[in-house]
Amino acid sequence: MYRFALIGYPVKHSLSPWIHESFLNKANLEGEYSIYEIPPDEPFPAKLNRLMDDQVDGFNVTVPYKEKIIPFLDDVDDDAARIKAVNTVVNRNGKWIGYNTDGVGYLRSLENKFPDFYLDKFKRILLIGSGGATRGIYYALVQAGFLHIDITNRTTEKAAEIAKLKNVTAATAILSLEQAEEMLQTYDVIIQTTSVGMKPDQEKVIFRVNQLKSPSIVSDIIYQPLETKLLKQAYDAGASVHFGHTMLLYQAQYAFEIWTGKKVPIGDMDERLQRHLEGR
Ligand code: ATR
């Protein structure tokens with residue numbers, strides 16, 4: 001009987017229990033996945049200790065604790081240490097080991113939709129944003145061998161910090177939002193990772209996406225709404241669009257793999273999650 005949990009705040013409406021319970025079913029494993037909300041005004045170490053004393057098999061970590069959790073772990077995987085964010089913790093014989101599945105999960109979701117994605121490492125890629133998710137995706141792209149990954153953010157200093165994560169091979173320019181907007185036509189892939197356009201502000205868009213290269217891929221990691229205004233503009237401008245809910249599924253797939261050793265195919269979960277998010 002596996003026991004998993006999610007810590008964060010607010011997490012009451014998280015989709016992770018549904019996703020992981022579906023994986024357990026598909027893998028024919030017994031188990032449960034519980035929400036363990038830690039409000040920011042409660043003592044984090046005491047609450048975390050209670051969860052760890054309970055000897056769960058693993059847990060996910062979400063905002064605002066992805067960085068804060070690190071000093072409480074026995075070991076942290078090299079990639080997660082580098083990006084300074086942990087979203088998955090596994091209990092290995094009583095030792096707590098931290099991982100980050102966001103970047104790899106994101107790339108799996110992209111590869112699933114665009115199987116040829118890895119063929120051309122010279123693609124020009126633009127990342128919009130500089131939060132924890134951006135760090136994971138940037139680092140995963142660098143590790144996968146992509147050679148040209150620019151970053152744009154409202155606060156360019158934060159983007160410059162992310163570029164320091166790269167190895168020697170990738171070239172990264174740091175752009176203001178205005179500069180990036182002007183250069184959109186030069187990118188093969190545009191990945192939106194900020195919270196701009198998320199419900200209840202779904203009318204917002206970080207900048208107008210109308211002049212795009214043909215062909216190009218535009219991706220938004222927001223999944224509420226499923227189709228953000230940015231994706232709608234990109235679709236109208238002729239791009240192939242990639243939806244955020246698939247990253248949610250694949251980062252969870254990789255977390256489940258770390259916990260159980262089983263890689264469960266996503267199959268119909270993509271369609272089921274879409275229906276759920278659209279209230280169908
Ligand atoms: P994460 O959950 O990925 O860690 P975060 O650290 O909260 O997210 O980062 C949110 C991202 O959204 C940042 O890139 C932030 O830009 P800044 O670094 O300049 O703060 C971006 N963001 C949030 N609101 C924004 C807005 N109104 N306009 C432009 N960018 C915004």
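**Exercise 1. Which residue in β6 is the bridge partner of valine 76?**

*Conventions.* The model is predicted, so local features need pLDDT of at least 70 and side-chain atom pairs count only at pLDDT 80 or more, while totals for chains, interfaces and linings use all residues. Residues are numbered from 1 along each chain as its sequence is written, and side-chain values use heavy atoms, with hydrogens and water left out.

*Solution.* 
Step 1. Strands (E, at least two residues) and helices (H or I, at least four) are DSSP runs, numbered from the N terminus. Two strands pair if DSSP finds at least two bridges between them.
Step 2. The pairing of β4 and β6 is parallel and comprises two bridges.
Step 3. The partner of valine 76 in β6 is glycine 98.

**Exercise 2. Characterise the pairing of β5 with β6 and the turn between them.**

*Solution.* 
Step 1. Strand β5 (residues 88–92) pairs with β6 in the antiparallel sense, over five bridges. Within this pairing, valine 90 stands opposite isoleucine 97.
Step 2. Asparagine 93, in the loop between β5 and β6, has a positive phi of about 50° although it is not a glycine.
Step 3. For accessibility, buried means under 20% relative accessible area, exposed over 50%, and partly exposed in between (1.4 Å probe, protein chains only). Asparagine 93 has a relative accessible area of 81% and is therefore exposed. In strand β6 (residues 95–99), by contrast, four of the five residues are buried.

**Exercise 3. Determine the polar contacts of asparagine 87.**

*Solution.* 
Step 1. Asparagine 87 is located in the loop between α3 (78–83) and β5. Its relative accessibility is 3%, so asparagine 87 counts as buried.
Step 2. A polar contact is a pair of N or O atoms within 3.5 Å; within protein, one must be able to donate a hydrogen and the other to accept it, and residues adjacent in sequence count only if both atoms are side-chain atoms.
Step 3. The asparagine 87 side chain reaches the backbone nitrogen of threonine 101 at 2.8 Å. It also makes a polar contact with the side chain of aspartate 102, at 3.1 Å.

**Exercise 4. Classify the aromatic pairs of phenylalanine 44 with tyrosine 65 and of phenylalanine 117 with phenylalanine 146.**

*Solution.* 
Step 1. Rings of Phe, Tyr and Trp (its six-membered ring) pair if their centres lie within 6.5 Å; planes under 30 degrees apart count as stacked, over 60 as edge-to-face and the rest as tilted. The structure holds 11 aromatic pairs.
Step 2. For phenylalanine 44 and tyrosine 65, the centres are 4.6 Å apart and the planes stand at 25°, so this pair is stacked. Phenylalanine 44 belongs to helix α2 (residues 44–53) and tyrosine 65 to the loop between β3 (58–61) and β4 (75–76), so the pair ties together parts that are 21 residues apart in sequence. Both residues, phenylalanine 44 and tyrosine 65, are buried.
Step 3. Phenylalanine 117 and phenylalanine 146 form a tilted pair, with 5.2 Å centre to centre and 50° between the planes. Phenylalanine 117 is in the loop between α4 (102–113) and β7 (124–128), and phenylalanine 146 in the loop between α5 (132–143) and β8 (148–152), so parts that are 29 residues apart in sequence are tied together.
Step 4. Phenylalanine 117 is buried at 2% relative accessibility, and phenylalanine 146 is buried at 0%.
Step 5. A charge sits over a ring if NZ of Lys or CZ of Arg is within 6 Å of the ring centre and within 35 degrees of the ring normal. Lysine 121 lies over the face of phenylalanine 146, 5.9 Å from the ring centre.

**Exercise 5. Which polar side chains lie at 2.7 Å or 2.9 Å from an oxygen atom of the ligand?**

*Solution.* 
Step 1. A residue is near a molecule or strand if one of its heavy atoms lies within 4 Å of it. There are 14 residues around the ligand, and those that come nearest include Asn153, Arg154 and Lys158.
Step 2. Polar side-chain atoms lie 2.7 Å from a ligand oxygen atom for asparagine 153, 2.9 Å for arginine 154 and 2.7 Å for lysine 158.
Step 3. On its own the ligand has 650 Å² of accessible area, of which the protein covers 65%. Accessible areas come from the Shrake-Rupley method with a 1.4 Å probe; for residues, only the protein chains shown count as cover.
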